[in-house]
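Here is a short briefing on a sheet and its salt bridges. Have a look at the model first, then read on.

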Amino acid sequence: MITDEDHQKVMQRSRPETGDIIFSNIGTLGSTVLVDNEFEFSIKNVALFKPFDKNYSSFMFLYFSDPATLRKMEIQSSGTSQKFFSLKFLRGLHILTPNKTLLRLFNDVVEPALKQRSLLHKYNQKLKQARDILLPKLMNGEIEV
C-alpha cells in the first residue's frame, strides 16, 4: 500500500491508460499486461509502454509476451543476483513493426480475441470469489447439495 502523496507522484510520471503495456523489468522478467480497464492505479518497479497509436497495442502486447522475444532480451539483461532490464535498455529497443495498414488489419483480428481473454479472466476471478465463499459453507453443512 502506498500513501496518497506517493500515488500522486507516480501518476504524474506514469499514468497507465487503456491500450498501454505494463512489463515487469526486474525480478520476474517479462510478465506482460495489456491495460484494458479505465480506473486509476499506481505502478512502480515496472516498465510502462505507451503506444503512439492504439492500433499498436495488440501487436506490442503479443510481441513482449512472446517467449522468443523474452529469450533474446534476457541475454542482454543486467544484474547478477536479480536480473533486470534497465529503462535505458528498454528505451533503446528497436522493434521491427509492420506497416500501418497491415498493423490495423492485425489489430482488427487480434483485438477481439484479447478482449474475450480479458473478459474470461474477469469471469474466472468472480468464480474464484464465489468458490471461496461457498466451499466453506458446503463443508460446514450450511449448504446442502
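Let's begin with a pair of strands: β1 (residues 21-23) and β2 run antiparallel and are joined by three bridges. Helices (H or I, at least four residues) and strands (E, at least two) are DSSP runs, numbered from the N terminus, and two strands pair if DSSP finds at least two bridges between them. Please keep in mind that this is a predicted model, in which local features need pLDDT of at least 70 and side-chain atom pairs count only at pLDDT 80 or more, while totals for chains, interfaces and linings use all residues. Residues are numbered from 1 along each chain as its sequence is written, and side-chain values use heavy atoms, leaving out hydrogens and water.

**The sheet**

- F23 has T32 of β2 as its bridge partner.
- The open sheet has three strands in the order β2-β1-β3, with antiparallel pairing.
- Because β2 (32-34) and β3 (47-49) stand at the edges with a single partner strand each, one side of each has no neighbour in the sheet.
- On average, neighbouring strands of this sheet are turned by 20 degrees against each other, direction ignored; axes are lines fitted to C-alpha atoms, for helices over the stretch in contact, and angles run from 0 to 180 degrees between N-to-C directions.
- Helix α2 (residues 57-65) packs on the sheet and touches β1, β2 and β3, where contact means heavy atoms within 4.5 Å.
- The direction of α2 makes about 165 degrees with that of β2.

**Salt bridges around K50**

- The count comes to four salt bridges, each being a side-chain nitrogen of Lys or Arg within 4 Å of a carboxyl oxygen of Asp or Glu.
- E17 pairs with K50 in one of these, with the closest N and O atoms 3.3 Å apart.
- This pair links distant parts of the chain, 33 residues apart: E17 lies in the loop between α1 (4-13) and β1, K50 in the loop between β3 and α2.
- K50 also meets D20 in a salt bridge (2.6 Å, N to O).
- D20 sits in the loop between α1 and β1, 30 residues apart from K50.
- A network of salt bridges links E17, D20, K50 and K54.

**The R131 and D132 pair**

- D132 forms a salt bridge with R131, the closest N and O atoms being 3.0 Å apart.
- D132 counts as partly exposed at 48% relative accessibility, and R131 is partly exposed at 45%.

Methods: Buried < 20%, exposed > 50% of the residue type's maximum accessible area, 1.4 Å probe, protein only.
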